Each structure stands twice: as C-alpha cells, then as structure tokens.
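Visitor: I am new to this structure. Please show me how to read it, step by step.

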Amino acid sequence: MIKILSLYFRNFNYGGMLQAFALSFFLKKKGYTALQISYERNYKRPSYIRRIMGLTPNKILSRIFGLFFYTKEINSRKEIFTTFQNDFIPHTTKTYSALNIRSSVEQTDIFIVGSDQVWNPNWTEDAFYLSFAPHNKKISYAASFGVTQIPQSQVNHIKVFLSKFAFISVRELAAQRILSSYINKSVQVVLDPTMLLEPNDWKQIASNNLTIRESYAFVYLLNDSVRQRRIARAIARKYGLKILFIPHVHLYFNVNDIGFGDFRLPNVGPREFIEIIQKSSVVITDSFHGCVFSVLFKKEFWVLKRDKDKKTGSTQSRIDSFLQLLELPDRQISANLEKLKNSEEINYDRVFEKLQELRKHSSQWLEDAINY
C-alpha cells in the first residue's frame, strides 16, 4: 500500500486538486494501490497585527463585500471541489492531523510526499517531511518549496528529515539548487504529476457543461494585480477575443475582479477548469498549472509574472523552470506587447518530443524509487 501526502485535502485550488488526482491515477494505471491521506493541516496564520498591517484599502473593501455578497458562491464552488475529491481521488476515509498522523503508518509500505508546495516555508509542517513514519520507505515526488530561498531556521529540519528519505525528487530547478546545497543526496527534477498523464486521460474527466460557443481567451490569474488585468485585456484585444474569467479565484471577494471579463464563470470546479482550457483559443495566466494544461492541450498561451516580495523569493520559480525545461521561455510577456507582433505559434511537435522525454524519465524514476 502506498499513501500520498499532499495539500489536496480541503484545498479548493485547481492545481492542488488536479495534481492529487494525477498522481493517484498514474499509480493506479501502473498497478499500485495508492491513497491520498486526508490530512487536516495546522495552518499557521500570521499574527493579528501582521494581518491588519497587510490590509490595503482594496483588501478591506473586498472582505466587506465578500462577507455580505459572496458567501453563497464560495460555498457553491467548495461543494463542486468536494464532489470531485470524493468521486475521483482515492483517499483515506479517516481524517488525520498532526496529533494522530502516526497511526497512518499501519498497512503502509511506502509514503510519497508531493507534488505541490508541500515544503513551502510559509506553511509547511514536519508531517510534510514524513517525520511521523520512521520505518517506512519515504519518497518525495515533484515536491516544491514554491520560493527561491528558505529561512535559515528551517535548514536543520530539512537536513535531518530528508536524510531519512530513500529517494528525493522536486518539481523545479530552484528546489534542486536549494537542496543540493544542504544535503548529500541525489535530487532529481521531475515533472509535476499532471504531466505524467496524456491529454486523453484529462479529456476523459473534463466536464461537458460549457455553453459558450464563441472563441475566447481564458484569463486565469492568481494575483490580484490591476496591472495584470490591464495587460490581459490588451492581449485579448490583439487576438480579437473576448475574455472568459473565473472571478474571486481564491474564494474570497476580490474588488479588482469587479467588471473584469466578458464571460464570468464563478462556479467552476476541477473538471470545468479542464474543459475551459481545452476549448480556449488563447490562455493568459500567471499560474503554473495554467501553463501546464495549456501545453497539454496545445494552446497558444502567455505568462504574466506575479508581483511578489523579492526578500522571500517568488513563486514564479516553478513557472520559469517549466518554461525552461520545455524550451518556451519566450512565452513570458510584459506590458510591452511587441513580443506579440513578432511571435510565432508554438511548435508543439518539438515541445511534445521534449515532454515525452521528460515524462519517460519522470515515470521511470518514480517506478524505480517505488520498486527499489
């Protein structure tokens, strides 16, 4: 029995849910029995003072509007995610926490941690270094820090816990560099689980509910930046396309989403998300998984950089790594749209040759780690 620990449980995030599905689905196809651990994270919220200091006027307005006008839509989308989790992802019926996670070692031969930002220093816990499983084989698959540097206070934890791993793989080059400087172990860069599956695997679970028949640019943004939305509008205009948009993507009201997009679809779950990308003409995104599914469905796509604090490192690192691995660095675009005029359509024959090579390497690495 293989048990997987990731951030999927009650994680109403498209990438988080779909990567959890993908790894479980891949292992099942290979003949393994695998369950995601239903793990209730002990999320450490910033102090009350820090939260107050971080509230801009826009954020204050967003919270007030959301409290009174958006609660119903939030609950509706959560229900769609929960249905997907229950219907498509094999998982433990028991819910674990830091207090009882040790009991999950029963009837378990191998633990896999990943994918997703399981080691992000802003929210990771010892459990995500599999500290609770002293005698089981431990593997990380496409684990991510989500940032380019980690606090010195966490270095000793990383050294101690990862010294007990049988095999370690990460999702981006930045994570490989971080670990290579701290531990004396081989660290492989592998594909995110979503890319272990073929496009036809994803088409099988995509919904067929989209009623929009016009061509559209799908704008999928995780940042709340007004600047990004302005650039996205300009790109869509260059293509002569209307914008399809998922508002309030983090399940809290975002005042900057008011009036943005021609087609606004609030009740989008993981299956609908796949369908929207599959049927889009162009994708404009700042999301890692927005890039991944654009490639899998051979879409023209453009990446907008996120605005992040340089001191803590940027979540942009995994997108940079992804584009570098597939030789697509020119898909990043800024407010200067000159690149659109000179760009050629993506040569997906070449991209898929590279993707197949990386997929073969990643799947073989995982199977070798399991069977060693």
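Guide: Start with pairing: two strands pair if DSSP finds at least two bridges between them. Helices (H or I, at least four residues) and strands (E, at least two) are DSSP runs, numbered from the N terminus. Here, an open sheet of 6 strands has the order β10-β9-β8-β11-β12-β13, with parallel pairing. Its edge strands are β10 (263-264) and β13 (332-333), and each pairs on one side only.

Visitor: Before we go on, what kind of model is this, and how are residues numbered?

Guide: The model is predicted: local features need pLDDT of at least 70, side-chain atom pairs count only at pLDDT 80 or more, and totals for chains, interfaces and linings use all residues. Residues are numbered from 1 along each chain as its sequence is written, and side-chain values use heavy atoms, with hydrogens and water left out.

Visitor: Which residue of β13 is the bridge partner of L304?

Guide: The partner is I333. L304 lies in a strand pair: β12 (residues 300-304) and β13 run parallel, with 2 bridges.

Visitor: Which strands does helix α8 lie across?

Guide: Two ideas first. Contact means heavy atoms within 4.5 Å. Axes are lines fitted to C-alpha atoms, for helices over the stretch in contact, and angles run from 0 to 180 degrees between N-to-C directions. Now the case: α8 (residues 226-239) lies across β8 (216-220), β9 (242-245), β11 (282-285), β12 and β13. It runs at about 160° to β12. Helix α9 (residues 270-278) lies across β8, β9 and β11, at about 135° to β8.

Visitor: What is the strand order in the open sheet of 7 strands?

Guide: The order is β3-β2-β1-β4-β5-β6-β7, again with parallel pairing. At the edges are β3 (91-96) and β7 (187-189), each pairing on one side only. On average, neighbouring strands in this sheet are turned by 25° against each other, direction ignored. Helix α13 (residues 348-371) packs on the sheet. It touches β1, β4 (110-113), β5 (137-143), β6 and β7, and its direction makes about 165° with that of β5.

Visitor: How many bridges join β6 to β7?

Guide: There are 3, and the two strands run parallel. Within this pair, V170 stands opposite V189 in β7. β5 and β6 also pair in the parallel sense, over 3 bridges. There, I139 stands opposite F167 in β6.

Visitor: What does the handedness of a crossover refer to?

Guide: Point the strands away from you. A crossover is right-handed if the path from the first strand over the helix to the second then runs clockwise. β5, α5 and β6 make a right-handed β-α-β unit. The chain then crosses from β6 through α6 to β7, and this crossover is right-handed as well.

Visitor: Which residues of α5 are buried?

Guide: Buried means under 20% relative accessible area, exposed over 50%, partly exposed in between (1.4 Å probe, protein chains only). In α5 (residues 155-162), the buried residues are V155, I158, F161 and L162. Seen down the axis of α5, they fall within an arc of 145°, so they line one face of the helix. The arc is that of the directions from the helix axis to the C-beta atoms. These residues pack against β6 (167-170) and α6 (173-180).

Visitor: And what covers the buried residues of α6?

Guide: The cover includes α5, β6, β7 and α11 (317-325). The buried residues themselves are L173, A174, A175, I178 and L179.

Visitor: Let us look at one residue. Where is S6, and why does it count as buried?

Guide: S6 sits in the loop between β1 (2-5) and α1 (14-29). It counts as buried because its relative accessibility is 2%.

Visitor: Which side chain makes a polar contact with that of S6?

Guide: A polar contact is a pair of N or O atoms within 3.5 Å; within protein, one must be able to donate a hydrogen and the other to accept it, and residues adjacent in sequence count only if both atoms are side-chain atoms. The side chain of Q36 joins that of S6 at 3.0 Å. The side chain of S6 also reaches the backbone nitrogen of Y8 at 3.4 Å. Q36 is, in β2, the bridge partner of I4.

Visitor: Where is Y32 found, and what does its side chain contact?

Guide: Y32 is in the loop between α1 and β2. Its side chain makes a polar contact with the side chain of N371 (3.0 Å). Not counting residues up to four places away in sequence, Y32 touches I2, L27, E367, I370 and N371.
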